[in-house]
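I opened the model to work through its metal site, its strands and its nonpolar cores. My entries follow in the order in which I looked things up.

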Amino acid sequence: MFAFIKKYFQPDHHFESINKIDSKILKESKIEGLIIDIDNTTMPYSSKEMKVIVSDWINKMSDENFKIIFVSNTVPERAEFVSDYFDKPAYGYAAKPFKFAFKKAIKKMDLSNDRIAIIGDQIFTDILGGNLAGFLTILVEPIESKDFFLTRIFRWFEGLFYDRNKRLMQKE
Ligand SMILES: [Mg+2]
């Protein structure tokens, strides 16, 4: 059971926010592409306020030649906003954690799955989905905690999970 949890629900890395991710760890894992979540990872769930430190980090990764695609379960309108903002592809209504959610992004990047990292704030969509797809998985803390009702339920489960498995969830 613990091996199963570890394999699918444990992120490879955990950071306070996306802009704290050191590109060295990506390069060490031979990562060439980033699949980035939108809601509460790139911008708050309830607004389009883009933090400068976040957009700077994303632009810096683009300058360092990482291929970047946003994949989100959010509404297409927010995906379009992010796509225009960064001039990168962004797909909404993606149905993470299912593998097919990433199909378009993988094809567009033209990379094998082990060259891709997923960055997101939710264990049950981003991390589970990323582990199922064989990506490097990076969990970040959500930008704002006030979010959608269903997300809150997921978070409640995640909270239980996190506490009980704290030892397991920590980086080795
Ligand atoms: Mg999110």
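I began with H6 and listed its buried residues: Ile 123, Thr 125, Asp 126, Ile 127, Leu 128, Gly 129, Gly 130, Asn 131 and Ala 133. Buried means under 20% relative accessible area, exposed over 50% and partly exposed in between, with a 1.4 Å probe and protein chains only. Helix H6 is thus recorded as mostly covered, with nine of its eleven residues buried. Just after H6, I noted a positive phi of about 85° at Gly 134. Helices (H or I, at least four residues) and strands (E, at least two) are DSSP runs, numbered from the N terminus.

On the source: this is a predicted model, where local features need pLDDT of at least 70 and side-chain atom pairs count only at pLDDT 80 or more, while totals for chains, interfaces and linings use all residues. Residues are numbered from 1 along each chain as its sequence is written, and side-chain values use heavy atoms, with hydrogens and water left out.

Next I looked up the magnesium ion. Its protein donors are Asp 37 (OD), Asp 39 (O) and Asp 121 (OD), at 2.1 to 2.2 Å. Donors are N, O and S atoms within 2.8 Å of the metal (3.2 Å for Na, K and Ca); water is not among the atoms, so sites may look incomplete. Asp 37 sits in the loop between S2 and H3 and Asp 121 in the loop between S5 and H6 (123-133), 84 residues apart. I found both Asp 37 and Asp 121 buried.

I then followed strand S2. Gly 33 and Ile 35 point one way, Leu 34 and Ile 36 the other, and all are buried. S2 pairs with S3 in the parallel sense over four bridges; two strands pair if DSSP finds at least two bridges between them. Gly 33 has Lys 67 as its bridge partner in S3. S2 and S5 also pair in the parallel sense, over four bridges, and Ile 35 stands opposite Ile 118 in S5.

Last came the cores. A nonpolar core is a set of buried Ala, Val, Leu, Ile, Met, Phe, Trp, Tyr and Cys residues joined through side-chain atoms within 4.5 Å. The largest has 27 residues, and Leu 26 and Leu 34 have the most contacts inside it. H3 gives the largest share of this core, four residues. Beyond its neighbours within four places in sequence, I found Leu 34 in contact (heavy atoms within 4.5 Å) with residues including Leu 26, Trp 57, Phe 66, Met 109 and Ile 119. Apart from this core lies another, of 15 residues, among them Ala 101, Phe 102, Ile 116 and Ala 133.
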